[in-house]
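This report describes one protein model together with its ligand. Please keep the sequence and the structure in view while reading.

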Amino acid sequence: MSLANGRTYLAIPGPTAVPDAVLRAMHRAAPNIYEGELIGMTESVVTDLRRVARTEHDVAIYIANGHGAWEAALSNVLAPGARVLSLATGRFGHGWAEMAGTLGLDVEMIDFGVRAPVDADRVEAALRADKDRRIRAVLATHVDTSSGIRSDLPALRAALDAAGHPALLMADCIASLGCDRFEMDAWGVDIGVTASQKGLMTPPGLGFVFFNDRAAAARAAMERVGPYWDWTRRARPDVFYQYFAGTAPTHHIYGLRAALDLILDEGLEAVWARHETLARAIWVAAQTWGEAGALRLNVAQPAHRSHAVTALSLPAPKGTELRDWVQENAGVTLGIGLGMAEPDDPAWHGFFRIGHMGHVNAHMVLGALGAIEAGLAARDIPHGAGGVSAAAALLGGR
Ligand SMILES: *Cc1c(COP(=O)(O)O)cnc(C)c1O
């Protein structure tokens, strides 16, 4: 017998649960791309994306996933040979740096491991050591989805300023936008990169690059930028098709419009508070389970944890056994461990993640936690009793 039939919950850190309102908005006949409501709707989407990123500046939209947005951001401001300082706190930081290297950039890497956030003092020292000011950009991952680590972007801006260094601050906020507080302008982020399928609750397929005037000046100084990646006309089109350098991603625009309505109707502060409270419920459950047995949260300090994804470990192969059990028996799909061990290493089966980003509420989190607790029992994994009760007590305000 399986208890998985019913509404399933994809509790992986992207793609995330798509709200019914978004699905309904996308379920329609193809709209005209030359006139009609799609034109004004796209303008409104641009306006509201800026509100969600807390910026007054420009945004370019790409028909792409996060990797496409990464490449778009790099391609607009960095020519082959330019040096970048890459900061890694997990697999995604390395991934962006590897892409930069493939594009011919000269990558200087500071690897902070997979259990601690970026140390702004070390970044400041590296910037001060760059006497000739060869570093053109600092690449940072706000939340690394593999490790669950959240880094302090304002502290990075302060490090750049303290060193008096002109490099651009480029932030991957793919896993944080619409989940964790992100304030592009107040935090002095020059370029913010994100995508549709995480906190923005829309199927994969749209990538976004936010850029300020400093970044626009860096773009203007480039000798050549590939025509598809060039953000200039996308951000300030003369005619509609230039938003997308071709056919508009029609249904995604309808979906994103509905998702932005959900976010702005709830209020960004409330969205951030909801994610934080749900994250705390997950952490208290995991801590309670960890009181007996070996289940552990990857990130020790709550202040360094993402509010949208939690990385955990169990002795291998119990992580994979647990994931398999909850998927097959409870209809909850948990995230695989990413970047903590190589896939061919037996240790790989000791890691898993809970995605709690976007369209997630208390009953979904309690359901996922209850399924995990059932799985811990079913797979004979030693654990402290009362994880779900502890989460429920926290959500109940006690
Ligand atoms: C998901 C994610 C990416 C990659 O996005 P894709 O859409 O899979 O290309 C990059 N960085 C972070 C932090 C992410 O969470």
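## Cysteines

Cys 173 is buried, with a relative accessibility of 0%; buried means under 20% relative accessible area, exposed over 50%, and partly exposed in between, with a 1.4 Å probe and protein chains only. The model is a predicted one, in which local features need pLDDT of at least 70 and side-chain atom pairs count only at pLDDT 80 or more, while totals for chains, interfaces and linings use all residues. Residues are numbered from 1 along each chain as its sequence is written, and side-chain values use heavy atoms, with hydrogens and water left out.

A disulfide is a covalent bond between the sulfur atoms of two cysteines. With a disulfide taken as a pair of cysteine sulfur atoms within 2.5 Å, the structure holds zero of them. For Cys 173, which is in no disulfide, the nearest cysteine sulfur belongs to Cys 179, 10 Å away. Cys 179 is likewise in no disulfide, and its nearest cysteine sulfur is that of Cys 173, at 10 Å. Cys 179 also counts as buried, because its relative accessibility is 0%.

## The ligand and its surroundings

Which residues are closest to the ligand? The ligand is surrounded by 13 residues, and the closest are His 67, Thr 145, Asp 172, Gln 197 and Lys 198; a residue is near a molecule or strand if one of its heavy atoms lies within 4 Å of it. By residue class, this shell divides into five nonpolar, six polar and two charged residues. In this division Ala, Val, Leu, Ile, Met, Phe, Trp, Tyr, Cys and Pro count as nonpolar, Asp, Glu, Lys and Arg as charged, and the others, Gly among them, as polar.

Helix H3, residues 66-77, gives the most to the shell, with three residues. Helices (H or I, at least four residues) and strands (E, at least two) are DSSP runs numbered from the N terminus.

| Residue | Protein atom | Ligand atom | Distance |
|---|---|---|---|
| Gly 66 | backbone N or O | oxygen | 2.7 Å |
| Asp 172 | polar side-chain atom | nitrogen | 2.7 Å |
| Lys 198 | side-chain N or O | oxygen | 2.6 Å |

Taken alone the ligand exposes 380 Å², and the protein buries 90% of that; accessible areas come from the Shrake-Rupley method with a 1.4 Å probe, and for residues only the protein chains shown count as cover.

## Annotated positions

UniProt, in an unreviewed entry, places the feature "modified residue: N6-(pyridoxal phosphate)lysine" at Lys 198. UniProt positions are given in the numbering used here, feature names are shortened, and annotations may be inferred rather than shown by experiment. Lys 198 lies in the loop between strand E9 (191-195) and strand E10 (206-211). Is Lys 198 buried or exposed? Lys 198 is buried, because its relative accessible area is 8%.

The UniProt annotation "binding site", from an unreviewed entry, covers Arg 353. Arg 353 belongs to strand E14, residues 351-355, and is buried at a relative accessible area of 6%.

For "domain: Aminotransferase class V", the unreviewed UniProt entry lists residues 42-341. Over residues 42-341 the chain is 40% helix and 19% strand, and the end C-alpha atoms are 42 Å apart.

## A buried serine

Ser 147 is located in the loop between strand E6 (143-144) and strand E7 (149-150). This residue is buried, with 0% relative accessibility. The side chain of Ser 147 reaches the backbone oxygen of Thr 89 at 2.7 Å.

## Backbone features

The peptide bond from Gly 14 to Pro 15 is cis, with omega near 0°. Pro 15 lies in the loop between strand E1 (9-11) and helix H1 (20-26). Another cis peptide bond runs from Ala 316 to Pro 317, with omega near 5°. Pro 317 is placed in the loop between strand E12 (309-313) and helix H11 (318-330).

Ala 245 has a positive phi of about 50° although it is not a glycine. Ala 245 is found in the loop between helix H8 (232-235) and helix H9 (250-266), and is partly exposed at a relative accessible area of 38%. Asp 380, also not a glycine, has a positive phi of about 55°. The loop that holds Asp 380 lies between helix H12 (362-378) and helix H13 (387-395). With a relative accessible area of 66%, Asp 380 is exposed.

Key. Polar contact = N/O pair within 3.5 Å; in protein donor to acceptor, adjacent residues only side chain to side chain.
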